[in-house]
Amino acid sequence: MKLFEDNIYGRTPVAAEQAPMRVESVEGRTPALDGLAYREQVDLIFGPTPKPGSHAAWRIRVLLYLPARANGPVPVVFGLNGGGNQSIVDDPGIAPTNIWVTEDDQAPHPETPGADTRGSQSAQWQVKSVLSRGYGLATAYYQDLEPDAKDQRANSVRALFDTPGTAPAANEWGAIAAWAWGYRKAVSYLRTNPGVEATHVAVTGHSRLGKAADWAAATTPEISALLSTESGKGGQSVQRRELGETVKHLAQQFPHWMCPAYATWVGRDQQIPADGNLLLSLVAPRPLYAASAQDDRWADPKGEFLSLRSAASVYALLGTSALAPDTPMSAVDQPIGVDTNTAYHIRSGKHDVTAYDWQHYLDFLDTRWGVPAKR
Ligand code: GCU
């Protein structure tokens, strides 16, 4: 954990971990999605009350869907989204909130999302199938925590916890740690919601948000399971293999993602002191599903598999079921380990989240926790 804090993601300030959180209801339990669900929306607020009309980085808007037919609390999957809450499903009831827009010719700025963005990422979220299977689904927009661009630290929730007059430390937290903090805070809120089964809150994330979900699960014991999609280098893949994305690319293209000390590993990928296998090990013994895509060479799918398999030895050490250490890389579209706490698949196709990924994630949670409708 300390190796990751000092070299990769940085250390989340104690003030951020202990920050009081106010929960403000935006919308109480409301029937949605043609009777399939109830929708709730809340703001999680940190620091001073935001000025009316401002896009406040310290206001995280959480959208929660619960299956309408549930008789009691249900297991829930939470993930940060990349397009705004309105993008995950076409539902006019999702309250419009500003999203940060980055265009080449101007600085990132907040804008009201266009109507065409409603449901624009519904294929990646599969909201209706998740609900039909008896699970709840919750999300928040990642740039509510920090706009995803260089030099946006002042608009990040990180700025709220700065100690004035102190220079940034080499292990100062970066944007991925800030997003992971958002995961942690959203999960801590969800666990208090009476519709949510507090001991069964899984997190998911794709790619850069997979990195954030991985770090969140590693650092948050209350997160009950991790469904990590193609989080690649700087996430679940093995950097030391030197295949796909390098430390140099990550450090130079996304200097805001990691802590300042990360840059000292540029050109030394083989020496990186904390790699994807250790990251996934920190999730043990909780259920963990790592997923790759065949054409996602940038993330190095085999590196993702090897991390999972290596982490499985820590699961075994802790006495939970796990993939055997000599398990070969699985064939395309054939999930493995789903009857253990360490599951993996490599799906055909490109870097994305698809119905296939969700189907196998939920099959896995069904085997780990029981089918929600039958419990
Ligand atoms: C870039 C980046 C990856 C990241 C990806 C994404 O490709 O190099 O590290 O995972 O964006 O977030 O889609």
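Trainee: How far does a polar side-chain atom of glutamate 245 lie from an oxygen atom of the ligand?
Mentor: This is a predicted model. Glu245 is one of the residues that surround the ligand. Between a polar atom of the glutamate 245 side chain and a ligand oxygen, the distance is 2.6 Å.

Trainee: How much of the ligand does the protein bury?
Mentor: The reference is the ligand taken alone, which exposes 320 Å². Of that area, the protein buries 80%.

Trainee: Which elements give two or more residues to the shell around the ligand?
Mentor: The residues surrounding the ligand include Arg208, Lys211, His249 and Leu250. The elements that contribute two or more are helix H6 (208-219) and helix H7 (247-253).

Trainee: What is the distance from an oxygen atom of the ligand to an N or O atom in the side chain of histidine 351?
Mentor: A polar contact requires N or O atoms within 3.5 Å. The side chain of arginine 208 has an N or O atom 2.6 Å from a ligand oxygen. For histidine 351, the corresponding distance to a ligand oxygen is 3.2 Å.

Trainee: How many nonpolar residues does the shell around the ligand have?
Mentor: Among the surrounding residues are Leu250, Phe254, Trp257 and Trp298. By class, the shell has 3 charged and 3 polar residues, and its nonpolar residues number 4.

Trainee: Is glutamine 152 buried or exposed?
Mentor: Glutamine 152 sits in the loop between strand S7 (136-141) and helix H5 (175-190). Leaving out residues up to four places away in sequence, glutamine 152 touches Trp100, Pro108 and Pro147. Its relative accessible area is 8%, and the cut-off for buried is under 20%, so glutamine 152 is buried.

Conventions:
Residues are numbered from 1 along each chain as its sequence is written. This is a predicted model: local features need pLDDT of at least 70, side-chain atom pairs count only at pLDDT 80 or more; totals for chains, interfaces and linings use all residues. Side-chain values use heavy atoms; hydrogens and water are left out. A residue is near a molecule or strand if one of its heavy atoms lies within 4 Å of it. A polar contact is a pair of N or O atoms within 3.5 Å; within protein, one must be able to donate a hydrogen and the other to accept it, and residues adjacent in sequence count only if both atoms are side-chain atoms. Accessible areas come from the Shrake-Rupley method with a 1.4 Å probe; for residues, only the protein chains shown count as cover. Helices (H or I, at least four residues) and strands (E, at least two) are DSSP runs, numbered from the N terminus. Ala, Val, Leu, Ile, Met, Phe, Trp, Tyr, Cys and Pro count as nonpolar, Asp, Glu, Lys and Arg as charged, and the others, Gly among them, as polar. Buried means under 20% relative accessible area, exposed over 50%, partly exposed in between (1.4 Å probe, protein chains only). Contact means heavy atoms within 4.5 Å.
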